[in-house]
Amino acid sequence: DGCGHTVLGPESGTLASINYPRTSPNSTVCEWEIRVKPGQRVQLKFGDFDIDDSDSCHSSYLRVHNGIGPNRTEIGKYCGFGFQMDGLITSKSNEVTVQFMSGIHSSGRGFLAAYSTTDKSDLITCLDNASHFSEPEFNKYCPAGCVIPFADVSGTIPHGYRDSSSLCMAGVHAGVVSNTLGGQINVVISKGIPYYEGSLANNVTSEVGPLSTSLFTFKTSGCYGTLGMESGVIPDSHITSSSTLEWPNQTGQVNIWKPENARLKRIGPPWAAFISDEHQWLQIDLNKEKKITGIITTGSTLAEHYYYVSAYRILYSDDAQKWTVYKESGMDKDKIFQGNTELYQEVRNNFIPPIIARFFRINPVKWHQKIAMKVELLGCQFGIGRAPKITLPPPPQNKNDEKGADFMDDSIHSVKTSLQTDKTTFTPEIKNTTVTPSVTKDVALAAVLVPVLVMVFTSLILILVCAWHWRNRKKKTEGTYDLPYWDRAGWWKGMKQFLPTKSADHEETPVRYSSSEISHLRPREVPTVLQTESAEYAQPLVGGIVGTLHQRSTFKPEEGKEASYADLDPYNSPIQEVYHAYAEPLPVTGPEYATPIIMDMSSHPSTPLGAPSISTFKAAGNQAPPLVGTCNKLLSRTDSASSAQALYDIPKGQLGPGSADQLVYQVPQSVAHSTGNKDD
């Protein structure tokens, strides 16, 4: 009379003392005989141990034995308040006896333990929760029998479970392990949420929970998608029933609660049977063989009709003729699923192992007032090939040989049984939940074609971009000194008004030359003539935008005789001015104009006889250069050394002294303007 919660499965189980976790009664005893498959051994793990040790384990204790019966041998005897047992107790054979003795005591919760075969090295108990483990993801083995009334679960799938929830009990609620078989769970820890919903699933009630620092979810095969009742993928003609409720309302209109009304979350009345007995059923044709992993049900969802099904059986078939009742693995009795407890709440039940079938039938066994329900099936496509067809030897030729006929019948019966068993227990890892096999081929084809088309279009775009870039580069290289179309006469006038006005201190005024050689040339011919000459001066600027000139450059775009191209000359000129193609370079600092510096090298002692005068330009600030007269005779660089007062050089490519009367130079800055004299 000392046995408490007990579930002994073929590979694992859970056992507890009576009244656990409250104090066990005095003078009680219980023995558990545990057997696993031959060749395997048993390991025992305690989740909680609290037995009175006031008399040194004499009257209250827990004893573990190897074997069963009179030949068993003792492994150990244990007692103590809050006793912490490190590690596992392992047997030497496939049989173990656990004996609990409760003497006279006033306190002590008793114990709770789990067992499994020794190949389950990651065994945990029903009391372990996520807060006991620090890893963000881990695998554990849950024993059978973890649906216990003294463990708490908060949350649901897919949102997750509160970290204080029992891992194994939450695994049963989520449908990843069976309460009668146990199983492996893959747990993932993540950040908690402010609120945890409650629900009823697999005979486990999850309570509403408050905020927590973390939560956990389970990794699964992913075969939990809806199969088409709610969405309408399953047509109305594929939903049938044993009977249909028909009744007139107060206005005389006939209401028919047809089987196609049994779609989950559909507004309106549900399906209801005309007669409420255990022979009623609702049948769904899935059109092809599917892997069915669960079912969700509700009641009538109509407040004025408080109808719902509280328990039901599940049957399945491949041809709608021969039906198989669903049973849990290793069980002989039909599995009775817990249904609804009221008309609104959605209740989920999972099939472990899953059902592989085309036709699915629900057979209510308990209900409230009338049989009425709405359903949805969970699962995925069954992509595994069917079992090969069995070829049997031909029957004996002797018609009177009844033994051969009996052998034939036995063989067929055994083949059908084995195939049916395989279909109901085999659980392949299938993660595709929505795509049919025919659509899968199209998806695979699209997965190949789409990248190819993207690569082709990308290549074409790159070719077009390269061609356009090459064409632009070719246009730019045509005519090094030719002005582009946007830099011709007229454009500059329109753009000057948008350019910022320079201050007087930084305004750049070019040095201008007058030449009869240049005046007769058209503006477009000047760059061509200049290009043929030797480059003693800097090459003209190509681009024509004044705002982009360097600080030391005084070049202006050539625009012929159009006076508005540049600012007016601040100095007077005796003849009509024509812009020269070149200008003298400016110094780094100093005035805006370069001041000529004249050095008479002929009088220097170290200068050889006949050396010409050397003229150069240098920034001289605001200091005026020394002048020899107001104007002197212009000499070329190649003139005789006897002219010791050469003031200016003749630009290369211009005429010599014989044409000096045709050249007019601008008077340098800081020198008073005067009229030049010429020598005859």
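The side chains of Ser 199 and Thr 156 are joined by a polar contact of 3.3 Å. A polar contact here is a pair of N or O atoms within 3.5 Å; within protein, one must be able to donate a hydrogen and the other to accept it, and residues adjacent in sequence count only if both atoms are side-chain atoms. Bear in mind that this is a predicted model, where local features need pLDDT of at least 70, side-chain atom pairs count only at pLDDT 80 or more, and totals for chains, interfaces and linings use all residues. Residues are numbered from 1 along each chain as its sequence is written, and side-chain values use heavy atoms, with hydrogens and water left out.

Back to Ser 199: its side chain also makes a polar contact with the side chain of His 173, at 3.1 Å. Ser 199 lies in strand S14, residues 199-201 (strands are DSSP runs of E, at least two residues; helices are runs of H or I, at least four; both are numbered from the N terminus). Setting aside neighbours within four places in sequence, Ser 199 is in contact (heavy atoms within 4.5 Å) with residues including Val 204, Thr 205 and Gln 345.

Ser 165 sits in the loop between strand S12 (160-162) and helix H1 (167-174). From Ser 165 to Ala 151 is 14 residues in sequence and 7.6 Å in space, C-alpha to C-alpha. Beyond residues up to four places away, Ser 165 touches Asp 128, Asn 129 and Phe 216, among others.

| Residue | Relative accessible area | Class |
|---|---|---|
| Ser 199 | 14% | buried |
| Ser 165 | 1% | buried |
| Leu 460 | 46% | partly exposed |

Leu 460 belongs to helix H3, residues 437-477. Leu 460 is also one of the residues in a nonpolar surface patch, along with Val 448, Leu 449, Val 452, Leu 453, Val 456, Phe 457 and Ile 463.

Now for confidence. The chain averages a pLDDT (the predictor's confidence in each residue, from 0 to 100) of 74, and 61% of the residues score at least 70. Confidence is highest in strand S23 (residues 308-317), at 97, and lowest in helix H2 (residues 402-425), at a mean of 38. Over residues 558-571 the pLDDT is below 50, though this stretch has 40 contacts in the model beyond near neighbours in sequence.

Notes: Buried < 20%, exposed > 50% of the residue type's maximum accessible area, 1.4 Å probe, protein only. Patch = residues over 30% accessible without salt bridge, like charges linked within 9 Å, V, L, I, M, F, W, Y side chains within 5 Å. Areas by Shrake-Rupley, 256 points an atom, 1.4 Å probe, with all protein chains shown as cover. Salt bridge = Lys/Arg side-chain N within 4 Å of Asp/Glu carboxyl O.
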